[in-house]
Amino acid sequence: MKWLVGRFKYAFEGLRYAFKDRSIAFQCFLGVLAFLAGIIFQCSMTEWLWILLSIVLVVSFEIINSCIEGLVDYISLKKDPRAKKIKDMAAAAVFLVSCFALVVALCIFVPKLLDLI
């Protein structure tokens with residue numbers, strides 16, 4: 001049981017570090033906006049699952065991206081085209097997941113906004 005509690009401790013410490021990162025904090029802010037929009041528009045259970053999946057994916061990928069960037073900076077003390085490629089690919093992963101989240105948001109919220117007109 002002590003082992004399991006220790007794992008949660010490390011995970012929460014990681015979240016604490018993550019939320020201090022500006023990019024991750026910004027993605028969390030956008031996630032809060034999406035969450036509030038879900039409340040305002042009274043989303044269905046299925047819509048909530050898509051919204052929450054999108055938020056968790058974007059924030060998780062941003063955390064992984066920040067870890068990769070930090071690791072590359074730690075390992076490579078000088079500018080290297082391979083390091084740039086690694087960092088750019090990690091950023092591309094965040095971009096793809098963010099595009100997915102945008103499509104989810106458009107599919108859910110645009111019809112609800114059109115119903116108000």
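This is a predicted model: local features need pLDDT of at least 70, side-chain atom pairs count only at pLDDT 80 or more; totals for chains, interfaces and linings use all residues.

Residues are numbered from 1 along each chain as its sequence is written, and side-chain values use heavy atoms, with hydrogens and water left out.

Start with the core. Select Ala 37, Cys 43, Trp 48, Ile 51, Val 104, Ile 108 and Phe 109: these seven make up the largest nonpolar core (buried Ala, Val, Leu, Ile, Met, Phe, Trp, Tyr and Cys residues joined through side-chain atoms within 4.5 Å; buried means under 20% relative accessible area, exposed over 50%, partly exposed in between, with a 1.4 Å probe and protein chains only). H4 brings the largest share, three residues (helices are DSSP runs of H or I, at least four residues, numbered from the N terminus).

Now click Trp 48. Leaving out residues up to four places away in sequence, Trp 48 touches Phe 35, Gly 38, Ile 39 and Cys 43 (contact means heavy atoms within 4.5 Å).

Next, the salt bridges (a side-chain nitrogen of Lys or Arg within 4 Å of a carboxyl oxygen of Asp or Glu); there are five. Select Lys 112 and Glu 47, whose closest N and O atoms are 3.3 Å apart. Lys 112 sits in helix H4 and Glu 47 in helix H3, so this pair ties together parts 65 residues apart in sequence. Lys 112 counts as buried, at 18% relative accessibility.

Last stop: Lys 84 and Asp 88, bridged at 2.5 Å between the closest N and O atoms. Lys 84 is exposed at 52%, while Asp 88 is partly exposed at 41%.

Notes. Helices (H or I, at least four residues) and strands (E, at least two) are DSSP runs, numbered from the N terminus.
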